[in-house]
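Me: I'm new to this one and would like to learn how to read it. Could you take me through it step by step?

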Amino acid sequence: METTTKKSKLTTAAFALSLNAGILILIQGIVRSLQGRALEISGVEDEIRRRILLGIDLHIVGVIAVVFGILIIVGAVLLYQPGKETTGGIIVLVFSLLSILTFGIIGLVGLILGIIGAALALKKK
């Protein structure tokens, strides 16, 4: 009986960490999109894109982060469904690692939470 309770707590912790990771990366994407619009209006965007982002538009980075955040949230939801824990853990892990491309502190915290949540989910198996 103790093993069932331990697994349940492990699943809950993995879900909570993964969900928070997805939300943080989603926020990072929204911030990047708004930041790209603000820089576009000010006229500074071209210099930033050229020097830092290798020509990638901040709007595109924002949209990519939003997609990653949504997919991490989907993976977190799969963690709670019986038999789909491994699939959810892999989704969370892959898209958390890919979120490093969003270039931000919020995304970095999401990356760390996502990796820990995915590790807990995969450890359950």
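Me: Where is the place of Ile-70?

Reply: Ile-70 sits in helix H3. Helices here are DSSP runs of H or I with at least four residues, strands are E runs of at least two, and numbering goes from the N terminus. This is a predicted model, in which local features need pLDDT of at least 70, side-chain atom pairs count only at pLDDT 80 or more, and totals for chains, interfaces and linings use all residues. Residues are numbered from 1 along each chain as its sequence is written, and side-chain values use heavy atoms, with hydrogens and water left out.

Me: Is Ile-70 buried, partly exposed or exposed?

Reply: The general idea is that buried means under 20% relative accessible area, exposed means over 50%, and partly exposed is in between (1.4 Å probe, protein chains only). Ile-70 has 43% relative accessibility, so it counts as partly exposed.

Me: At what angle do the axes of H3 and H4 cross?

Reply: First, the idea: axes are lines fitted to C-alpha atoms, for helices over the stretch in contact, and angles run from 0 to 180 degrees between N-to-C directions. The axes of H3 (residues 58-79) and H4 come within 7 Å and cross at roughly 155°. That makes the two helices roughly antiparallel; the cut-offs are under 35 degrees for roughly parallel, over 145 for roughly antiparallel, 65 to 115 for roughly perpendicular, and oblique for the rest.

Me: Which residue is 4.1 Å from Gly-88, C-alpha to C-alpha?

Reply: That's Gly-75, 13 residues away along the chain. Gly-88 belongs to helix H4, and it is buried, with a relative accessible area of 0%.

Me: Which residues make the nonpolar surface patch?

Reply: Patches take residues with over 30% relative accessible area and no salt bridge; like charges are joined within 9 Å, and nonpolar side chains (Val, Leu, Ile, Met, Phe, Trp, Tyr) within 5 Å. A salt bridge is a side-chain nitrogen of Lys or Arg within 4 Å of a carboxyl oxygen of Asp or Glu. Here the patch covers about 850 Å², and its residues include Ile-90, Val-94, Leu-101, Leu-108 and Ile-116. The areas come from the Shrake-Rupley method with a 1.4 Å probe, and for residues only the protein chains shown count as cover.

Me: Which helix gives the most to the patch?

Reply: H5 does, with five residues. Helix H4 (85-98) and helix H5 (105-124) each supply at least two. Take Leu-108, which lies in H5 and is partly exposed at a relative accessible area of 37%.

Me: How far apart in space are Ala-13 and Gly-117?

Reply: They are 7.1 Å apart, C-alpha to C-alpha, though 104 residues separate them in sequence. Ala-13 is in helix H1 (residues 2-42), and its relative accessible area of 32% makes it partly exposed.
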